[in-house]
Amino acid sequence: MISYRIDVAGARAHLFRVTLRIERPAREQHVSLPAWIPGSYLVREFARHLSGMRARQGQREARVEQLDKASWLVRCEGTAALILDYDVYAFDTSVRAAFLDAGRGFFNATSVCLRIHDREGEPHAISFAGLPRDWQIATAMPRAEGGSGYRAPDYDTLVDHPFELGRFWRGTFTACGVPHEFVVTGAWPGFDGARLLADTRRICEAQIALWHGADAAARDVPFERY
């Protein structure tokens, strides 16, 4: 299991504080951060916002060598878990990168979650720390067993699930037997959530019927939740 803990205690400085745990690391463990995000194929250079990387195995500090602008090599000893701590500056209000302040947070994993070379096919987990009591979490990523954090079967799936954090309106509807959820950040007073859900349900049902037939049911739809 590759696990990331995302701490938002540095929200006023726009800093996500990330702790990455790698069980049974390689003797020379290569890690990197993507330069682009699926669905937006321009070079984004996310690594320019990463700073302060530190590594340890138990009480022993591990040496970190930066190989280029987006990748690092950590020299390990033995099989003890490797812990990497680093900060990510998050002040991009687009949907492509990461944002964090005292009111809300958002990120794609391509901005905050280092890729562990040769371990991409293993399960990856995300948990959170420092969240204000009234903040919620919205993502399509399934919850981990026991409800503590979220889990993806591999790195590619991990980076395909953005996260929204904060206070927001959320509503649900079912289309062809499949649960759908809407999350709206910054909903204004008088926001007509019921109309949004009703209109979107019609659109989703029409799309499902187009691709899977007018009598499509949940078993025909290629996802369990949207």
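This report describes a sheet, the aromatic pairs, the nonpolar cores and some salt bridges of one predicted model.

Residues are numbered from 1 along each chain as its sequence is written, and side-chain values use heavy atoms, with hydrogens and water left out. Since the model is predicted, local features need pLDDT of at least 70 and side-chain atom pairs count only at pLDDT 80 or more, while totals for chains, interfaces and linings use all residues.

**The sheet**

Four strands form an open sheet in the order 9-10-15-13, with antiparallel pairing; strands here are DSSP runs (E, at least two residues) and helices are runs of H or I of at least four residues, numbered from the N terminus, and two strands pair if DSSP finds at least two bridges between them. Strand 9 (98-100) and strand 13 (136-138) stand at the edges with a single partner strand each, so one side of each is left without a neighbour in the sheet. Strand 9 is joined to strand 10 (residues 104-107) by three bridges, and F99 has F106 in strand 10 as its bridge partner.

**Aromatic residues and cores**

Rings of Phe, Tyr and Trp (its six-membered ring) pair if their centres lie within 6.5 Å, and planes under 30 degrees apart count as stacked, over 60 as edge-to-face and the rest as tilted; by this rule there are 12 aromatic pairs. W36 and Y41 form a tilted pair, 5.5 Å centre to centre with 50° between the planes. F107 and F163 form a stacked pair, with 5.1 Å between centres and 10° between planes, and this pair links distant parts of the chain, since F107 lies in strand 10 and F163 in strand 15 (residues 163-166), 56 residues apart. Both F107 and F163 are buried, where buried means under 20% relative accessible area, exposed over 50% and partly exposed in between (1.4 Å probe, protein chains only).

F107 also belongs to the largest nonpolar core, which has 48 residues; such a core is a set of buried Ala, Val, Leu, Ile, Met, Phe, Trp, Tyr and Cys residues joined through side-chain atoms within 4.5 Å. A second, separate core of eight residues includes F173 and C204.

**Salt bridges**

A salt bridge is a side-chain nitrogen of Lys or Arg within 4 Å of a carboxyl oxygen of Asp or Glu, and the count comes to 14.

R201 and E205 both lie in helix 3 (residues 193-212), four residues apart.
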